[in-house]
Amino acid sequence: MRKIIKLLFFILAVLFINVSSTRSFYVSKGEINNNTFSTGNWSSNDPKITINEIYPNPAADDPEQIELYNGSNQNIDLSNWTIEDGIHSPKSLSGKTIIANGFLILVKGSGADFTFGLNNDGDILILKQEGEVKDQVSWGDWGDGNLADNAPNPLKGKSIGRYPDGSDTDFDLLDLREMNLSMGIANIYP
Ligand SMILES: [Ca+2]
Ligand SMILES: [Ca+2]
Ligand SMILES: [Ca+2]
């Protein structure tokens with residue numbers, strides 16, 4: 001009888017330890033997330049939106065796409081924001097909002113988000129707020145005055161993106177790499 005009671009205690013103890021370690025796993029995951037937010041470089045007064053992923057050379061019948069990333073902890077209304085490529089015909093982003101720490105996909109097409117073409121061999125994208133440049137990316141052979149730091153041309157069906165999301169040293173070659181398409185979700189390590 002005593003042996004059976006001892007065995008029951010043992011089983012209960014094992015169960016308890018398992019439950020505790022599962023809980024502490026989730027707690028530490030939360031702490032990691034909090035740390036990520038608190039160590040960000042962006043204050044709430046300086047909304048930081050980056051051109052986070054570009055898909056200029058789509059596979060099959062996919063449309064060309066651009067992904068924006070909001071690295072701040074607040075939703076941002078894009079009413080006074082525009083995006084343009086190398087032909088400099090700004091497209092208004094009015095009516096769009098990008099959620100805190102979230103993504104916004106812009107799709108090419110008539111009646112869609114933009115109509116300019118993303119050149120496969122090289123181009124530039126410029127994101128502006130009230131006419132002021134907030135982010136820009138050059139890739140391939142686009143002559144922006146310094147070809148050496150341009151991001152690579154993605155192969156057909158691949159995108160170029162920042163890793164990790166939003167990382168921006170203003171050196172496109174280091175900031176953006178060719179990667180698997182991940183529009184609307186976190187960029188995937190290439
Ligand atoms: Ca293209
Ligand atoms: Ca450049
Ligand atoms: Ca992405």
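Helices (H or I, at least four residues) and strands (E, at least two) are DSSP runs, numbered from the N terminus. The model is predicted: local features need pLDDT of at least 70 and side-chain atom pairs count only at pLDDT 80 or more, while totals for chains, interfaces and linings use all residues. Residues are numbered from 1 along each chain as its sequence is written, and chains are lettered from A and ligands numbered from 1 in the order in which they are written.

**View 1**
Of its 190 residues, 29% count as buried; a residue is buried if 20 or more other C-beta atoms lie within 10 Å of its own, exposed if 12 or fewer, and partly exposed in between, with C-beta atoms placed from the backbone. Two residues are in contact if their C-beta atoms, placed from the backbone, lie within 7 Å. Among contacts between residues at least 6 apart in sequence, 53% join residues at least 24 apart.

**View 2. An open sheet of five strands has the order E7-E2-E1-E10-E11.**
The pairing in this sheet is antiparallel. Its edge strands are E7 (103-107) and E11 (176-179), each of which pairs on one side only. Neighbouring strands are turned by 30° against each other on average, direction ignored; axes are lines fitted to C-alpha atoms, for helices over the stretch in contact, and angles run from 0 to 180 degrees between N-to-C directions. Two strands pair if DSSP finds at least two bridges between them. Strands of a sheet pair through backbone hydrogen bonds, either parallel or antiparallel.

**View 3. Strand E1 (residues 49-55) is joined to E2 by six bridges.**
E1 and E2 run antiparallel, and Glu53 stands opposite Glu67 in E2. E1 also pairs with E10 in the antiparallel sense, over two bridges. There, the bridge partner of Ile54 is Ile160 in E10.

**View 4. Strand E2 (65-70) is mostly covered, with six of its six residues buried.**
Gln65, Glu67 and Tyr69 point one way from E2, and Ile66, Leu68 and Asn70 point the other way. Residues of both sets are buried. E2 pairs with E7 in the antiparallel sense over five bridges. Leu68 has Leu104 as its bridge partner in E7.

**View 5. A second open sheet holds four strands in the order E5-E4-E8-E9.**
Here too the pairing is antiparallel. Strands E5 (91-92) and E9 (132-140) stand at the edges, each with a single partner strand, so one side of each is left without a neighbour in the sheet. Strand E4 (residues 81-84) is joined to strand E8 (residues 122-129) by four bridges, and the two run antiparallel. Across this pairing, Glu84 stands opposite Ile126, and the bridge partner of Trp81 is Gln129.

**View 6. Strands E4 and E5 form a hairpin with six residues between them.**
In the turn, His88 has a positive phi of about 55°. E4 and E5 run antiparallel and are joined by two bridges; in E5, Ser92 is the bridge partner of Thr82. Trp81 and Ile83 make up the covered face of E4, whereas Thr82 and Glu84 make up the uncovered one.

**View 7. The largest nonpolar core contains 27 residues.**
A nonpolar core is a set of buried Ala, Val, Leu, Ile, Met, Phe, Trp, Tyr and Cys residues joined through C-beta atoms within 7 Å. Ile51, Ile54, Ile66, Leu68, Ile83, Leu125 and Val137 touch the most other members. The elements that give two or more residues to this core are E1, E2, E4, E7, E8 and E9, and E1 gives the most, with four residues. Leaving out residues up to four places away in sequence, Ile51 touches Ile66, Leu68, Leu125, Leu127, Asp135 and Val137. In soluble globular proteins, nonpolar side chains tend to be buried together.

**View 8. Thr169 lies in the loop between strand E10 (159-162) and helix H2 (172-175).**
Thr169 is exposed because 10 other C-beta atoms lie within 10 Å. Not counting residues up to four places away in sequence, Thr169 touches Leu174 and Asp175.
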